[in-house]
Amino acid sequence: MPIVFEGVSYSYTAPAKPKDAKKPRIKAKEASIPGERPAWGNAPDALWAIHDIDFTLEDGDFLGIAGHTGSGKSTLIQHMNGLIHPTLGRVLIDGTDIADKKAASRIRGKVGLVFQYPEHQLFAANVYDDVAFGPRNLGLPPDEVDRCVRDALAQVSLDFDSLRTASPFELSGGQQRRVAFAGVLAMRPSTLILDEPVAGLDPATRNSFLNLIAELHRQGLTVVLVSHNMNDLARLCNRVLVLKEGQQFALGSPQEVFAHADELKAIGLGVPSAQGLANRLVAQGVPLGDISAALSPRRTAANPEGATKRLYDIESLADELAALYKAQPAAGAIQPEETVHEGQAGGPYA
Ligand SMILES: Nc1ncnc2c1ncn2[C@@H]1O[C@H](COP(=O)(O)OP(=O)(O)OP(=O)(O)O)[C@@H](O)[C@H]1O
Ligand SMILES: [Mg+2]
């Protein structure tokens with residue numbers, strides 16, 4: 001079920017009112033966008049929250065979306081399940097424009113959207129009813145609803161028997177978020193869209209959520225993850241989309257996107273911390289690069305980009321530094337005999 005964005009622009013305030021009131025929206029070819037670049041953002045003359053977005057979310061993708069505050073991330077993902085519709089352009093799911101009501105109802109439940117701080121949307125008197133809300137809305141029979149609720153609570157590691165009658169409001173913040181998450185999983189979506197799902201969680205809860213998301217992806221879900229955390233995006237995603245002022249700034253593999261540290265810095269974004277350290281080491285002359293070329297000068301004909309050709313994580317950077325250290329002991333190693341002083345325990349005179 002690929003989701004295709006075709007020149008999608010969205011304005012919270014309509015750019016022009018169609019003369020014919022029955023005409024719901026302006027077609028792309030009829031519209032004229034004033035100026036070369038549309039006004040953007042929440043300034044008084046603001047127009048486009050996102051502008052001319054063109055990409056395809058493929059089945060099995062783990063797409064990360066990054067961008068500064070107000071860059072349009074939340075606006076963009078709400079187009080993926082038809083919560084809002086493009087002002088210009090189209091969103092196609094399985095080849096059908098989801099502005100079409102019939103098509104939208106077919107995909108209802110297939111694309112699950114977890115908002116930021118989803119626990120704020122808990123509403124039912126008990127956990128069971130909250131998680132069951134979506135499946136019931138899909139019109140599933142009670143025994144099927146029951147299976148959906150049990151499976152979804154198990155997926156988020158919550159105990160069905162002890163929690164089914166509990167009020168969601170008496171649970172801890174982390175548990176509440178799990179319940180909210182279960183409410184989306186209970187619809188058995190094939191695509192899961194998460195808007196900063198680990199914001200505000202403690203490190204252990206955060207990790208268990210990220211592991212759960214990675215596991216759901218391994219099980220076959222297509223995942224879209226909006227995050228400000230470049231380490232998480234580099235570790236989890238196969239593609240990263242970066243937005244700047246509502247427009248597509250970069251789209252590619254984490255390697256491709258994070259190779260452009262300076263450009264990202266210019267729009268207020270960083271690179272994964274291990275990559276940032278690798279870049280600084282390279283800038284200071286440490287010959288990092290492709291592991292096979294680790295001992296040759298960092299920029300060679302075969303490896304003109306040096307370290308930027310690969311994306312480092314903590315493990316790969318540690319491995320490469322260790323390999324460099326072992327291969328060049330004279331360059332940086334501290335010789336044991338130089339550090340041992342007379343009379344020191346373990347020294348030659350002990
Ligand atoms: N309901 C709304 N009405 C009017 N303008 C809005 C509305 N929601 C968002 N905007 C504007 O649209 C632009 C994009 O907002 P959006 O919430 O998509 O950004 P974001 O990248 O998700 O930001 P953040 O990282 O802070 O969550 C911003 O200029 C914002 O002020
Ligand atoms: Mg947002």
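Student: In which sense do β7 and strand β8 (residues 222-226) pair, and over how many bridges?

Tutor: The pairing of β7 with β8 is parallel, and 5 bridges make it up. Two conventions come before the details. Residues are numbered from 1 along each chain as its sequence is written, while chains are lettered from A and ligands numbered from 1 in the order in which they are written. The model is predicted, with local features needing pLDDT of at least 70, side-chain atom pairs counting only at pLDDT 80 or more, and totals for chains, interfaces and linings using all residues, and side-chain values use heavy atoms, with hydrogens and water left out.

Strands (E, at least two residues) and helices (H or I, at least four) are DSSP runs numbered from the N terminus, and two strands pair if DSSP finds at least two bridges between them. Strand β7 covers residues 191-195. One of its bridges to β8 joins D195 to V226. Strand β6 (residues 111-114) also pairs with β7 in the parallel sense, over 4 bridges, and there V114 stands opposite L194.

Of the 5 residues of β7, 5 are buried, where buried means under 20% relative accessible area, exposed over 50% and partly exposed in between, with a 1.4 Å probe and protein chains only. T191, I193 and D195 form one covered side, and L192 and L194 form the other. Together with helix α7 (residues 203-218), β7 and β8 make a right-handed β-α-β unit. Right-handed here means that, with the strands pointing away from the viewer, the path from the first strand over the helix to the second runs clockwise.

The loop between β6 and α3 (127-137) holds N126. N126 counts as buried because its relative accessible area is 18%. A polar atom of the N126 side chain lies 3.2 Å from the backbone nitrogen of Y128. This is a polar contact, a pair of N or O atoms within 3.5 Å; within protein, one must be able to donate a hydrogen and the other to accept it, and residues adjacent in sequence count only if both atoms are side-chain atoms.

A further sheet is open, with 4 strands in the order β2-β1-β4-β5 and antiparallel pairing. Because β2 (48-57) and β5 (96-97) each have a single partner strand at the edges, one side of each has no neighbour in the sheet. Strands β1 (residues 3-11) and β4 (residues 88-93) are joined by 5 bridges, and I3 has I93 as its bridge partner in β4. D100 is placed in the loop between β5 and α2 (101-107), and D100 is partly exposed at 39% relative accessibility.

Lastly, there is ligand 1. The shell around it has 14 residues, of which G70, G72, K73, S74 and T75 come nearest; a residue is near if one of its heavy atoms lies within 4 Å. Helix α1 (residues 73-78) gives the most to this shell, with 3 residues. A polar backbone atom of S71 is 3.1 Å from an oxygen atom of ligand 1, and a polar side-chain atom of S74 lies 2.8 Å from an oxygen atom of ligand 1. The protein covers 65% of the 630 Å² of accessible area that ligand 1 has on its own, by the Shrake-Rupley method with a 1.4 Å probe, where for residues only the protein chains shown count as cover.
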